[in-house]
Amino acid sequence: MSQVLTTTDLEGALPLIARGKVRDLYEVNDKTLLFIATDRISAYDVIMENGIPSKGVLLTLCTKTWFKILTDAIPSLRTHFITLDLPPQIPESLRPTLQNRSMQVRKLKIFPIEAIVRGYITGSAWKEYQKSGTVHGIKVAAGLQESQEFPDGPIYTPSTKAELGDHDENIHPDQAAKIVGERYASKIESLALALYKTAHTYALSRGLIIADTKFEFGHDEETDEVVLVDEVLTPDSSRFWPASSYQVGRGQDSFDKQFLRDWLVKEGLKGKEGVRMPEEVVKRTEEKYREAWEKITGGQ
(Lines give C-alpha, C1' and ligand atoms only; values in the text may rest on other atoms or scores of the structure.)
Protein backbone atom coordinates (compact mmCIF):
# COMPACT_ATOMS: atom_id res chain seq x y z
CA MET A 1 0.00 0.00 0.00
CA SER A 2 1.19 3.55 -0.75
CA GLN A 3 2.67 5.64 2.02
CA VAL A 4 0.09 7.77 3.84
CA LEU A 5 1.08 11.36 4.64
CA THR A 6 -1.20 12.90 7.26
CA THR A 7 1.07 15.73 8.39
CA THR A 8 4.08 17.57 6.99
CA ASP A 9 7.30 18.80 8.54
CA LEU A 10 9.60 20.76 6.23
CA GLU A 11 12.39 20.76 8.84
CA GLY A 12 12.42 24.56 9.01
CA ALA A 13 12.95 24.94 5.23
CA LEU A 14 9.83 27.15 4.92
CA PRO A 15 7.60 28.79 7.56
CA LEU A 16 4.24 27.10 8.16
CA ILE A 17 1.34 29.53 7.62
CA ALA A 18 -1.65 27.28 8.32
CA ARG A 19 -2.95 23.74 8.47
CA GLY A 20 -6.42 23.16 7.00
CA LYS A 21 -8.54 20.03 6.93
CA VAL A 22 -6.45 18.61 4.08
CA ARG A 23 -3.76 21.10 3.07
CA ASP A 24 -0.70 22.47 4.87
CA LEU A 25 0.33 25.95 3.69
CA TYR A 26 3.90 27.22 3.75
CA GLU A 27 5.33 30.58 2.70
CA VAL A 28 7.90 30.43 -0.13
CA ASN A 29 8.32 34.22 -0.33
CA ASP A 30 6.16 37.32 0.09
CA LYS A 31 4.22 36.57 -3.12
CA THR A 32 4.18 32.76 -3.19
CA LEU A 33 2.77 29.94 -1.07
CA LEU A 34 3.38 26.19 -1.16
CA PHE A 35 0.10 24.24 -0.91
CA ILE A 36 0.75 20.65 0.20
CA ALA A 37 -2.23 18.27 -0.07
CA THR A 38 -1.88 15.65 2.66
CA ASP A 39 -3.80 12.36 2.75
CA ARG A 40 -6.02 13.61 5.60
CA ILE A 41 -9.76 13.21 5.09
CA SER A 42 -12.60 14.93 6.90
CA ALA A 43 -16.31 14.20 7.01
CA TYR A 44 -18.98 16.29 8.69
CA ASP A 45 -16.22 18.86 9.47
CA VAL A 46 -14.17 16.35 11.52
CA ILE A 47 -10.74 15.06 10.42
CA MET A 48 -10.33 11.28 10.68
CA GLU A 49 -7.41 9.85 12.66
CA ASN A 50 -5.97 7.96 9.68
CA GLY A 51 -5.68 9.02 6.03
CA ILE A 52 -6.39 7.75 2.52
CA PRO A 53 -3.29 6.54 0.59
CA SER A 54 -2.29 8.79 -2.36
CA LYS A 55 -5.30 11.08 -1.83
CA GLY A 56 -3.22 14.28 -1.78
CA VAL A 57 -1.46 13.36 -5.03
CA LEU A 58 -4.76 12.52 -6.76
CA LEU A 59 -6.33 15.83 -5.61
CA THR A 60 -3.34 17.87 -6.78
CA LEU A 61 -3.06 16.22 -10.22
CA CYS A 62 -6.82 16.48 -10.65
CA THR A 63 -6.73 20.21 -9.83
CA LYS A 64 -3.85 20.83 -12.26
CA THR A 65 -5.83 19.13 -15.05
CA TRP A 66 -8.93 21.21 -14.30
CA PHE A 67 -6.98 24.49 -14.24
CA LYS A 68 -5.83 23.71 -17.81
CA ILE A 69 -9.30 22.67 -19.01
CA LEU A 70 -10.92 25.79 -17.51
CA THR A 71 -8.33 28.33 -18.67
CA ASP A 72 -8.39 26.84 -22.19
CA ALA A 73 -12.20 27.22 -22.25
CA ILE A 74 -12.32 30.63 -20.51
CA PRO A 75 -9.19 32.54 -21.65
CA SER A 76 -9.92 35.50 -19.33
CA LEU A 77 -9.83 33.21 -16.25
CA ARG A 78 -7.04 33.87 -13.76
CA THR A 79 -5.94 31.17 -11.30
CA HIS A 80 -3.44 31.18 -8.45
CA PHE A 81 -1.55 28.16 -9.86
CA ILE A 82 2.15 28.66 -10.71
CA THR A 83 3.79 25.22 -10.91
CA LEU A 84 3.94 21.69 -9.48
CA ASP A 85 7.72 22.11 -9.18
CA LEU A 86 8.96 22.27 -5.60
CA PRO A 87 10.80 25.42 -4.49
CA PRO A 88 14.59 25.13 -4.14
CA GLN A 89 14.41 25.46 -0.33
CA ILE A 90 12.86 21.98 0.01
CA PRO A 91 15.48 19.43 1.20
CA GLU A 92 16.34 16.62 -1.25
CA SER A 93 15.21 13.99 1.28
CA LEU A 94 11.62 15.34 1.29
CA ARG A 95 11.21 15.83 -2.47
CA PRO A 96 9.99 12.31 -3.40
CA THR A 97 7.24 12.53 -0.76
CA LEU A 98 6.12 16.05 -1.66
CA GLN A 99 6.31 15.93 -5.48
CA ASN A 100 2.90 15.93 -7.22
CA ARG A 101 1.07 16.64 -3.97
CA SER A 102 2.39 20.22 -3.81
CA MET A 103 1.55 23.35 -5.80
CA GLN A 104 3.31 26.67 -5.75
CA VAL A 105 0.57 29.30 -5.89
CA ARG A 106 0.27 33.07 -5.78
CA LYS A 107 -0.45 34.54 -2.37
CA LEU A 108 -3.77 36.41 -2.52
CA LYS A 109 -6.42 37.80 -0.21
CA ILE A 110 -9.14 35.12 -0.06
CA PHE A 111 -12.82 36.06 -0.19
CA PRO A 112 -14.50 34.66 2.97
CA ILE A 113 -17.27 32.72 1.18
CA GLU A 114 -17.56 29.32 -0.48
CA ALA A 115 -18.94 29.70 -4.03
CA ILE A 116 -21.13 26.61 -4.33
CA VAL A 117 -22.89 25.82 -7.61
CA ARG A 118 -25.60 23.17 -7.74
CA GLY A 119 -26.78 21.63 -11.00
CA TYR A 120 -28.91 18.92 -9.38
CA ILE A 121 -30.98 18.83 -6.21
CA THR A 122 -29.40 16.56 -3.61
CA GLY A 123 -27.86 16.57 -0.14
CA SER A 124 -28.67 19.54 2.13
CA ALA A 125 -30.41 21.33 -0.78
CA TRP A 126 -32.85 18.44 -1.18
CA LYS A 127 -33.56 18.40 2.57
CA GLU A 128 -34.29 22.16 2.61
CA TYR A 129 -36.42 21.92 -0.55
CA GLN A 130 -38.61 19.18 0.95
CA LYS A 131 -39.35 21.44 3.92
CA SER A 132 -39.77 24.83 2.28
CA GLY A 133 -39.55 24.60 -1.51
CA THR A 134 -36.34 26.67 -1.37
CA VAL A 135 -32.59 26.09 -1.72
CA HIS A 136 -30.41 28.46 0.38
CA GLY A 137 -33.58 30.54 0.72
CA ILE A 138 -33.97 30.77 -3.08
CA LYS A 139 -37.40 29.77 -4.41
CA VAL A 140 -36.98 27.05 -7.04
CA ALA A 141 -39.42 25.18 -9.32
CA ALA A 142 -42.14 23.13 -7.61
CA GLY A 143 -42.46 19.36 -7.99
CA LEU A 144 -38.76 18.49 -8.25
CA GLN A 145 -37.65 14.94 -7.45
CA GLU A 146 -34.46 13.96 -5.62
CA SER A 147 -31.33 14.18 -7.85
CA GLN A 148 -33.24 16.03 -10.60
CA GLU A 149 -31.37 18.60 -12.67
CA PHE A 150 -32.59 22.13 -11.92
CA PRO A 151 -34.91 22.91 -14.86
CA ASP A 152 -33.74 26.53 -15.20
CA GLY A 153 -30.05 25.65 -15.10
CA PRO A 154 -27.49 25.51 -12.26
CA ILE A 155 -27.93 27.80 -9.25
CA TYR A 156 -25.39 29.69 -7.18
CA THR A 157 -25.77 28.85 -3.49
CA PRO A 158 -22.93 30.33 -1.41
CA SER A 159 -21.97 29.48 2.15
CA THR A 160 -19.88 31.10 4.81
CA LYS A 161 -16.27 29.92 5.11
CA ALA A 162 -15.96 28.56 8.64
CA GLU A 163 -12.83 28.39 10.74
CA LEU A 164 -11.34 24.91 11.19
CA GLY A 165 -13.67 22.88 13.42
CA ASP A 166 -16.72 25.07 12.79
CA HIS A 167 -19.47 24.43 10.26
CA ASP A 168 -19.99 26.30 7.01
CA GLU A 169 -23.42 27.93 6.92
CA ASN A 170 -25.59 28.00 3.80
CA ILE A 171 -26.52 31.60 2.92
CA HIS A 172 -28.60 33.44 0.32
CA PRO A 173 -26.61 35.21 -2.46
CA ASP A 174 -27.79 38.58 -1.04
CA GLN A 175 -26.01 37.76 2.23
CA ALA A 176 -22.82 36.86 0.30
CA ALA A 177 -22.99 40.30 -1.35
CA LYS A 178 -23.07 41.93 2.10
CA ILE A 179 -19.96 39.95 3.12
CA VAL A 180 -17.75 40.61 0.06
CA GLY A 181 -19.42 43.68 -1.53
CA GLU A 182 -21.87 43.77 -4.43
CA ARG A 183 -19.29 44.22 -7.20
CA TYR A 184 -17.16 41.25 -6.20
CA ALA A 185 -20.20 39.13 -5.32
CA SER A 186 -21.68 39.44 -8.82
CA LYS A 187 -18.30 38.63 -10.41
CA ILE A 188 -17.86 35.58 -8.17
CA GLU A 189 -21.38 34.38 -8.98
CA SER A 190 -21.04 34.75 -12.77
CA LEU A 191 -17.56 33.18 -12.75
CA ALA A 192 -18.64 30.24 -10.57
CA LEU A 193 -21.62 29.49 -12.85
CA ALA A 194 -19.44 29.71 -16.00
CA LEU A 195 -16.85 27.38 -14.44
CA TYR A 196 -19.50 24.87 -13.41
CA LYS A 197 -21.11 24.80 -16.87
CA THR A 198 -17.72 24.32 -18.57
CA ALA A 199 -16.71 21.56 -16.14
CA HIS A 200 -20.11 19.85 -16.31
CA THR A 201 -19.94 19.58 -20.11
CA TYR A 202 -16.39 18.19 -19.99
CA ALA A 203 -17.16 15.71 -17.19
CA LEU A 204 -20.27 14.43 -18.97
CA SER A 205 -18.10 13.59 -21.99
CA ARG A 206 -16.05 11.39 -19.61
CA GLY A 207 -19.08 9.64 -18.10
CA LEU A 208 -19.34 11.77 -14.96
CA ILE A 209 -22.10 14.07 -13.72
CA ILE A 210 -20.99 16.96 -11.48
CA ALA A 211 -24.04 17.33 -9.23
CA ASP A 212 -22.56 20.24 -7.30
CA THR A 213 -19.19 21.75 -6.53
CA LYS A 214 -17.48 24.39 -4.42
CA PHE A 215 -15.12 27.07 -5.72
CA GLU A 216 -13.00 29.54 -3.79
CA PHE A 217 -11.77 32.87 -5.06
CA GLY A 218 -9.07 35.34 -4.13
CA HIS A 219 -8.53 39.03 -4.86
CA ASP A 220 -5.45 40.23 -6.75
CA GLU A 221 -5.16 43.65 -5.13
CA GLU A 222 -2.65 44.86 -7.74
CA THR A 223 -4.98 44.25 -10.70
CA ASP A 224 -8.33 44.18 -8.82
CA GLU A 225 -9.12 40.81 -10.45
CA VAL A 226 -11.08 37.92 -9.00
CA VAL A 227 -8.84 34.81 -9.16
CA LEU A 228 -9.77 31.12 -8.90
CA VAL A 229 -7.86 29.56 -5.96
CA ASP A 230 -7.57 26.38 -3.91
CA GLU A 231 -8.27 22.92 -5.31
CA VAL A 232 -10.97 22.68 -7.96
CA LEU A 233 -13.46 20.03 -9.00
CA THR A 234 -11.98 17.18 -6.95
CA PRO A 235 -13.90 14.49 -5.07
CA ASP A 236 -13.22 16.56 -1.92
CA SER A 237 -14.96 19.68 -3.24
CA SER A 238 -17.54 18.15 -5.60
CA ARG A 239 -20.24 15.54 -5.84
CA PHE A 240 -19.52 13.30 -8.85
CA TRP A 241 -22.07 10.74 -10.05
CA PRO A 242 -21.55 8.01 -12.69
CA ALA A 243 -23.69 9.07 -15.69
CA SER A 244 -24.33 5.42 -16.62
CA SER A 245 -26.41 4.69 -13.49
CA TYR A 246 -27.98 8.14 -12.96
CA GLN A 247 -31.68 7.97 -12.22
CA VAL A 248 -34.02 10.75 -11.04
CA GLY A 249 -36.03 10.13 -7.87
CA ARG A 250 -33.37 8.53 -5.66
CA GLY A 251 -29.93 9.12 -4.17
CA GLN A 252 -26.99 8.32 -6.48
CA ASP A 253 -23.73 6.44 -6.15
CA SER A 254 -20.95 8.94 -5.67
CA PHE A 255 -17.22 9.25 -6.47
CA ASP A 256 -16.32 11.00 -3.24
CA LYS A 257 -16.34 10.43 0.50
CA GLN A 258 -19.98 9.29 0.57
CA PHE A 259 -18.89 5.76 1.50
CA LEU A 260 -17.10 7.21 4.54
CA ARG A 261 -20.08 9.43 5.46
CA ASP A 262 -22.48 6.48 5.24
CA TRP A 263 -20.20 4.37 7.46
CA LEU A 264 -19.98 7.15 10.08
CA VAL A 265 -23.78 7.52 10.19
CA LYS A 266 -24.34 3.75 10.38
CA GLU A 267 -21.84 3.39 13.25
CA GLY A 268 -23.22 6.41 15.14
CA LEU A 269 -19.91 8.28 14.70
CA LYS A 270 -21.11 11.30 12.68
CA GLY A 271 -19.41 14.46 13.99
CA LYS A 272 -17.38 12.54 16.62
CA GLU A 273 -13.69 13.33 17.15
CA GLY A 274 -10.91 10.74 17.21
CA VAL A 275 -12.43 8.29 14.72
CA ARG A 276 -10.14 5.80 13.02
CA MET A 277 -11.45 4.34 9.75
CA PRO A 278 -11.26 0.54 9.35
CA GLU A 279 -9.21 -0.84 6.45
CA GLU A 280 -12.29 -1.59 4.32
CA VAL A 281 -13.50 2.05 4.50
CA VAL A 282 -10.00 3.32 3.64
CA LYS A 283 -9.74 0.96 0.68
CA ARG A 284 -13.20 1.71 -0.74
CA THR A 285 -12.71 5.47 -0.35
CA GLU A 286 -9.32 5.34 -2.08
CA GLU A 287 -10.89 3.38 -4.96
CA LYS A 288 -13.58 6.05 -5.42
CA TYR A 289 -11.02 8.90 -5.46
CA ARG A 290 -8.80 7.02 -7.92
CA GLU A 291 -11.70 6.16 -10.22
CA ALA A 292 -12.82 9.81 -10.36
CA TRP A 293 -9.25 10.94 -11.09
CA GLU A 294 -8.87 8.39 -13.87
CA LYS A 295 -12.16 9.41 -15.49
CA ILE A 296 -11.31 13.13 -15.37
CA THR A 297 -7.64 13.01 -16.35
CA GLY A 298 -7.32 9.72 -18.22
CA GLY A 299 -4.85 8.73 -15.49
CA GLN A 300 -2.31 11.40 -16.42
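Student: Is T134 buried or exposed?
Tutor: A residue counts as buried under 20% relative accessible area, as exposed over 50%, and as partly exposed in between, using a 1.4 Å probe and protein chains only. The relative accessibility of T134 is 14%. Because this value is under 20%, T134 is classed as buried.

Student: At which pLDDT do side-chain atom pairs count in this model?
Tutor: Residues are numbered from 1 along each chain as its sequence is written, and side-chain values use heavy atoms, with hydrogens and water left out. The model is predicted: local features need pLDDT of at least 70, totals for chains, interfaces and linings use all residues, and side-chain atom pairs count only at pLDDT 80 or more.

Student: Which residue makes a side-chain polar contact with T134?
Tutor: T134 is found in strand β10 (residues 134-135); strands are DSSP runs of E with at least two residues, helices are runs of H or I with at least four, and both are numbered from the N terminus. A polar contact is a pair of N or O atoms within 3.5 Å; within protein, one must be able to donate a hydrogen and the other to accept it, and residues adjacent in sequence count only if both atoms are side-chain atoms. Contact in general means heavy atoms within 4.5 Å, and beyond its neighbours within four places in sequence T134 has such contacts with A125, E128, Y129 and K139. The polar contact, at 2.7 Å, joins the side chain of T134 to that of E128.

Student: What is the phi of H136?
Tutor: H136 lies in the loop between β10 and β11 (138-139). With 4% relative accessibility, H136 is buried. Although H136 is a residue other than glycine, its phi is positive, near 55°.

Student: Is N100 buried or partly exposed?
Tutor: N100 belongs to the loop between α2 (95-98) and β7 (102-106). N100 is not a glycine, yet its phi is positive, at about 70°. Its relative accessible area is 30%, so N100 is partly exposed.

Student: How far apart are the C-alpha atoms of L5 and T97?
Tutor: L5 lies in the segment before β1 (16-19) and is buried, with a relative accessible area of 12%. Leaving aside neighbours within four places in sequence, the contacts of L5 are T38, D39, R40, T97, L98 and R101. L5 and T97 are 92 residues apart along the chain, and their C-alpha atoms are separated by 8.3 Å.

Student: What distance separates the C-alpha atoms of V226 and D174?
Tutor: V226 has its place in strand β15 (residues 225-229) and is buried, at 8% relative accessibility. Not counting residues up to four places away in sequence, V226 touches R78, F111, Y184, K187, I188, L191, F217 and G218. V226 and D174 are 52 residues apart along the chain, and their C-alpha atoms are separated by 19 Å.

Student: Are helices α6 and α7 roughly parallel or roughly antiparallel?
Tutor: Helix α6 (residues 258-266) and helix α7 (residues 279-297) pack at an angle of about 155°, with axes 8 Å apart. Axes are lines fitted to C-alpha atoms, for helices over the stretch in contact, and angles run from 0 to 180 degrees between N-to-C directions. Angles under 35 degrees count as roughly parallel, 65 to 115 as roughly perpendicular, over 145 as roughly antiparallel, and the rest as oblique. The angle therefore makes α6 and α7 roughly antiparallel.

Student: How many residues of the contact of α6 with α7 are nonpolar?
Tutor: F259, L260 and W263 of α6 meet E280, V281, R284 and T285 of α7. Ala, Val, Leu, Ile, Met, Phe, Trp, Tyr, Cys and Pro count as nonpolar, Asp, Glu, Lys and Arg as charged, and the others, Gly among them, as polar. The contact has two charged residues, one polar residue and, as the number of nonpolar residues, four.

Student: How far apart are the C-alpha centres of domain 1 and domain 2?
Tutor: The protein chain is divided into domain 1 (16-108) and domain 2 (110-272 + 279-297), with bounds that come from an automatic or database domain assignment. In domain 1, 39 residues are in contact with 47 residues of domain 2. The distance between the two C-alpha centres is 20 Å.
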